[in-house]
Amino acid sequence: MTPATASPSLALPPRPSEVALEALIGELAPRLGERITTARGVRDQHGHDESWHHPGAPDAVCFPHTTEEVAAVVTACARHRVPVIPYGVGTSIEGQVIAEHGGLCVDLSAMNAILAVRPEDMDATVQPGVTRTQLNTHLRASGLFFSVDPGADASMGGMASTRASGTNTVRYGTIRENVLAMTVVMPDGRIVKTGSRARKSAAGYDLTHLMIGAEGTLGIITELTVRLHGLPEAVSAATVAFEDVAGAVDTVIASIQYGIPMARIELMDALAMRAVNRFSHLDYAEKPTLFLEFHGTHAGVKEQAESMAALCQEFGGSDFAWATKEEERSALWQARHDAAYAAKALRPGG
């Protein structure tokens with residue numbers, strides 16, 4: 001819609017005035033001190049993510065430590081009519097953190113405490129700045145892990161806000177299926193708690209899943225209770241190449257129909273494989289390729305792998321490469337996680 005035809009009700013607000021910004025910073029500075037800044041370098045750092053979109057720096061950046069501080073910040077911004085841009089670690093690729101119309105960036109990275117882990121209930125409560133790697137490192141001795149793996153070491157709040165998925169989705173679900181409850185600061189500064197740790201409940205509106213994927217537009221997530229899963233006894237991974245994409249897709253469809261319990265299954269086409277080979281100095285066949293992983297008991301994983309191998313051969317799969325050691329599996333999936341950067345490297349400056 002062009003500016004000439006845009007509805008007045010849909011018109012974007014102008015950048016906040018210098019008077020409004022000065023008043024806002026003057027109100028928040030006694031509480032936040034040096035944790036609110038207008039330094040150009042900090043603003044520029046928070047004006048872009050990993051996407052191709054043109055950067056746009058906010059007018060100021062703050063670093064709250066508690067839900068109450070976030071509420072105070074949002075309340076003040078509402079009073080002075082200054083836009084609010086929540087910020088995790090900046091790994092998104094959709095441009096959500098770009099401050100096109102200025103405003104105050106609320107950087108939640110300092111809110112990175114793991115508040116509680118309850119192994120008996122298989123859940124944990126964390127602040128939004130906790131990253132998935134941080135949480136899984138903390139969980140290592142418990143025999144549990146957090147399953148959502150979007151590739152980047154994203155923050156939990158950012159993953160919930162963008163409804164992240166990842167390589168484990170086929171078995172464990174997206175972030176949507178793995179968040180039980182939240183604490184959210186609403187646009188007027190009110191603090192709202194959504195959901196509960198109860199696995200069986202139908203009371204009230206499902207506000208938790210309304211907030212998931214809202215891109216920070218409905219509120220700022222300041223606490224999450226997430227579902228955990230048991231570490232599998234055995235893990236096996238593999239890549240398998242196909243002559244065309246259709247054969248790979250038909251294999252995936254058949255595996256789901258036959259009920260093979262895949263933990264991970266990802267498809268990369270020939271061009272993506274070429275990009276990965278160049279970027280990561282690998283020698284995969286430059287053909288449409290499935291990346292596979294199986295979780296379970298040793299016997300179960302062996303059976304799943306054999307069934308999948310037979311299906312792949314039926315639909316033209318070849319060049320199987322198996323990885324059972326942890327370092328081999330990590331290298332295999334790192335290649336998949338690097339695909340976005342590998343694609344960008346095919347066209348420098350593109």
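Reader: Let's start with Ser236. Which residues does it touch, not counting residues up to four places away in sequence?
Author: This is a predicted model, and in it Ser236 is found in strand β12, residues 234-241. With the near neighbours in sequence left out, the residues that Ser236 touches are Leu292, Glu293, Phe294, Val301, Trp322, Ala323, Thr324 and Arg329.

Reader: Is Ser236 buried or exposed?
Author: The cut-off for buried is under 20% relative accessible area. Ser236 has a relative accessible area of 6%, so Ser236 is buried.

Reader: And Ala238, what is its relative accessible area?
Author: Ala238 is found in strand β12 too. Leaving aside neighbours within four places in sequence, Ala238 is in contact with Leu290, Phe291, Leu292, Ala321, Trp322 and Leu332. Ala238 counts as buried, because its relative accessible area is 0%.

Reader: How far apart in space are Ala238 and Glu293, C-alpha to C-alpha?
Author: Along the sequence, Ala238 and Glu293 are 55 residues apart. In space, C-alpha to C-alpha, the figure for Ala238 and Glu293 is 6.4 Å.

Reader: Moving to Arg264: why does it count as buried?
Author: Arg264 sits in strand β13, which covers residues 262-268. Buried means under 20% relative accessible area. Arg264 counts as buried because its relative accessibility is 11%.

Reader: Which side chains make polar contacts with the side chain of Arg264?
Author: Start with what Arg264 touches beyond four places in sequence: among them are Thr167, Val170, Phe291 and Trp333. Asp149 and Asn168 are on that list as well. For polar contacts, the side chain of Arg264 pairs with that of Asp149 at 3.0 Å. At 2.9 Å there is also a polar contact with the side chain of Asn168.

Reader: Where do the buried residues of α4 sit around the axis?
Author: Helix α4 runs over residues 132-139, and its buried residues are Arg132, Leu135 and Leu139. They cover an arc of only 65° around the axis, so they are on the same side of α4.

Reader: What covers the buried residues of α4?
Author: Both helix and strand elements take part, including helix α5 (156-161). The strands among the covering elements include β5 (114-118), β6 (123-126), β7 (144-145) and β10 (220-227).

Reader: How many cavities of 30 Å³ or more does a search of the whole structure find, and which residues line the largest cavity?
Author: The search finds 1 cavity of 30 Å³ or more, and the largest cavity has a volume of about 30 Å³. By class, its lining has 4 nonpolar, 4 polar and no charged residues. The residues that line the largest cavity are Ser161, Met211, Ala214, Gly216, Thr217, Leu218, Gly219 and Ile221.

Reader: What about the second largest pocket: which element gives the most to its lining?
Author: About 460 Å³ of space lies in the second largest pocket. Elements that give two or more residues to its lining are β8 (179-185), β9 (191-195) and α7 (207-211). With 3 residues, the one that gives the most is α7.

Reader: Which residues lie nearest the centre of the second largest pocket, and how many charged residues are in its lining?
Author: The second largest pocket is lined by 21 residues, and nearest its centre lie Leu180, Gly195, Ser196, Ser201 and Asp206. By class, the lining has 7 nonpolar and 8 polar residues, and the charged ones number 6.

Reader: What is the phi of Arg81, and is Arg81 buried or exposed?
Author: Most residues other than glycine have a negative phi. Arg81 isn't a glycine, yet its phi is positive, near 55°. You'll find Arg81 in the loop between α3 (67-80) and β3 (84-87). Its relative accessibility is 73%, so Arg81 counts as exposed.

Reader: And what is the phi of Glu215?
Author: Glu215 lies in the loop between α7 and β10. With a relative accessible area of 35%, Glu215 is partly exposed. Glu215 is not a glycine, but its phi is positive, at about 60°.

Reader: Last one: which residues does Val42 touch, not counting residues up to four places away in sequence?
Author: Val42 is in helix α2, residues 40-45. Its relative accessible area is 23%, so Val42 is partly exposed. Setting aside residues up to four places away in sequence, Val42 touches Thr37, Val61 and Phe63.

Note on methods: Residues are numbered from 1 along each chain as its sequence is written. This is a predicted model: local features need pLDDT of at least 70, side-chain atom pairs count only at pLDDT 80 or more; totals for chains, interfaces and linings use all residues. Side-chain values use heavy atoms; hydrogens and water are left out. Helices (H or I, at least four residues) and strands (E, at least two) are DSSP runs, numbered from the N terminus. Buried means under 20% relative accessible area, exposed over 50%, partly exposed in between (1.4 Å probe, protein chains only). A polar contact is a pair of N or O atoms within 3.5 Å; within protein, one must be able to donate a hydrogen and the other to accept it, and residues adjacent in sequence count only if both atoms are side-chain atoms. Contact means heavy atoms within 4.5 Å. The arc is that of the directions from the helix axis to the C-beta atoms. On a 1 Å grid over the protein atoms alone, a cavity is a set of points where a 1.4 Å probe fits but cannot get out, and a pocket is an open set with protein on both sides within 12 Å along at least five of seven lines; lining residues have an atom within 4 Å of a point. Grid points are joined across faces, edges and corners, and a volume is the space filled by probe spheres set on the points. Ala, Val, Leu, Ile, Met, Phe, Trp, Tyr, Cys and Pro count as nonpolar, Asp, Glu, Lys and Arg as charged, and the others, Gly among them, as polar.
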